[in-house]
Amino acid sequence: MRVAIKEKKAPKPKICKNPACRASFAPQRLGQAVCSPKCALAVVEVKKAKEKKSLVLAGRREIKVRKEKLKTRADHLREAQAAVNEYVRLRDAHLPCISCDSTPNDNDLMTGSRWDAGHYRSVGACPELRFEPLNIHRQCVKCNRNLSGNAVEYRIRLVQRIGTDKVAWLEGRHPPCKYTVDEIKAIKAKYRAMTRELKKGKPHDLSQRCFSSSSSPCGRDHQFRRRLRLRAEGSVRQTEGGDHREGGCVSPGLLGIRSVA
């Protein structure tokens, strides 16, 4: 009895897995991925490099998480203030110094900058306004540091820039604020996002910002955000005559929550 012998099919050509080779070859055995021993050694080295890089990245992420856990509230405040200051300097990049109308240039500096983000009401005098964008404007280092803010000239130009009503609101009394760590993180994230938008060419008009009052939209947002936070903390007491609220505040324009009419 004769048996027909089947002819072996020629293996389909493959592409060498070595990134430096990528030549087409006919595999000689099952699972062969490279065309030669030289390419096999090269692929092993590439895999080792990728594994080493992934381990390094994992270690960096772990270190970053550990550092984040070790941060205090003061550390988060400094980072949030730095984010707000960066946004203000970028927002006012086309404007002169708020207190002397000068336009110093940083081109000849080796390090540092000739620009600060100066507070009209200082953080020590009014910590409630430390993150308020109406209270912070780009100011030259000379006025902000050497002249202690140059407050008289600052106020003259601030009235011209944002108006008398908003300056009067800044100079008025404000309820005390005790920001939680989560609120500080939200402020930092928001202003970093706004800075990225400015770098992409999306302008933020300071004249369109509003200040806190019972009749202004921003004032309604202010009350709405405050109510949300107090309810979350369980400090809202409802009576027959209405709600009696106690607690801190959130500065206008920080968290971006709009009130619902």
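Start by selecting Leu95, then show what it touches: leaving out residues up to four places away in sequence, Leu95 is in contact (heavy atoms within 4.5 Å) with Arg138 and Arg161. Before going further, keep in mind that this is a predicted model, where local features need pLDDT of at least 70, side-chain atom pairs count only at pLDDT 80 or more, and totals for chains, interfaces and linings use all residues. Residues are numbered from 1 along each chain as its sequence is written, and side-chain values use heavy atoms, with hydrogens and water left out.

**Stop 1: the loop between α2 and β3**

Leu95 sits in the loop between α2 and β3 (115-119). Draw a distance from Leu95 to Arg138: they are 43 residues apart in sequence and 7.9 Å apart in space, C-alpha to C-alpha. Leu95 is partly exposed, at 24% relative accessible area. On this scale buried is under 20% relative accessible area, exposed is over 50% and partly exposed is in between, using a 1.4 Å probe and protein chains only.

Now pick Ala93, which is in the loop between α2 and β3. Its C-alpha is 7.7 Å from that of Arg138, with 45 residues separating the two along the chain. Ala93 is partly exposed, with a relative accessible area of 44%.

From Ala93, go to Thr103: the two are ten residues apart in sequence, and 9.8 Å lie between their C-alpha atoms. Is Thr103 buried or exposed? Thr103 is exposed, with a relative accessible area of 61%. Setting aside neighbours within four places in sequence, Thr103 touches Pro96 and Trp115.

One more pick in the loop between α2 and β3 is Asp101. Check its backbone: phi is near 60°, a positive value in a residue other than glycine. Asp101 counts as partly exposed, at 46% relative accessibility.

**Stop 2: Arg22**

Jump to the loop between β1 (14-15) and β2 (24-25), where you'll find Arg22. Phi of Arg22 is near 55°, again a positive value in a residue other than glycine. The relative accessible area of Arg22 is 47%, and it is partly exposed.

**Stop 3: α2 against α6**

Select α2 (73-91) and α6 (181-199). They pack at an angle of about 25°, with their axes 9 Å apart; axes are lines fitted to C-alpha atoms, for helices over the stretch in contact, and angles run from 0 to 180 degrees between N-to-C directions. α2 and α6 are therefore roughly parallel to each other.

Show side chains at the contact: on α2 the residues include His76, Leu77, Ala80, Val84 and Tyr87, and on α6 they include Ile184, Ile187, Lys188, Tyr191 and Met194. The residues of this contact divide into twelve nonpolar, two polar and eight charged. For these classes, Ala, Val, Leu, Ile, Met, Phe, Trp, Tyr, Cys and Pro are nonpolar, Asp, Glu, Lys and Arg are charged, and the others, Gly among them, are polar.

**Stop 4: the cores**

What does the largest nonpolar core hold? It has 16 residues, and those with the most contacts inside it are Val84, Tyr87, Val88, Phe131, Tyr179, Ile187 and Tyr191. A nonpolar core is a set of buried Ala, Val, Leu, Ile, Met, Phe, Trp, Tyr and Cys residues joined through side-chain atoms within 4.5 Å. The elements giving two or more residues to this core are α2 and α6, and α2 gives the most, with six. A second, separate core of eleven residues includes Cys126, Leu134, Trp169 and Leu170.

**Stop 5: α4 against α5**

Next, select α4 (residues 151-162) and α5 (residues 164-171), which pack at an angle of about 125°, with axes 7 Å apart. That makes α4 oblique to α5. Arg155, Leu158, Val159 and Ile162 of α4 meet Thr164, Lys166, Val167, Leu170 and Glu171 of α5. By class, this contact has five nonpolar, one polar and three charged residues.

**Zoom out**

Finally, show the whole chain: seven helices and six strands, in the order β-β-α-α-β-β-α-α-α-α-α-β-β. Of its 261 residues, 32% count as buried.

Notes: Helix = DSSP H or I, 4+ residues; strand = E, 2+ residues; numbered from the N terminus. Parallel < 35°, antiparallel > 145°, perpendicular 65-115°, else oblique.
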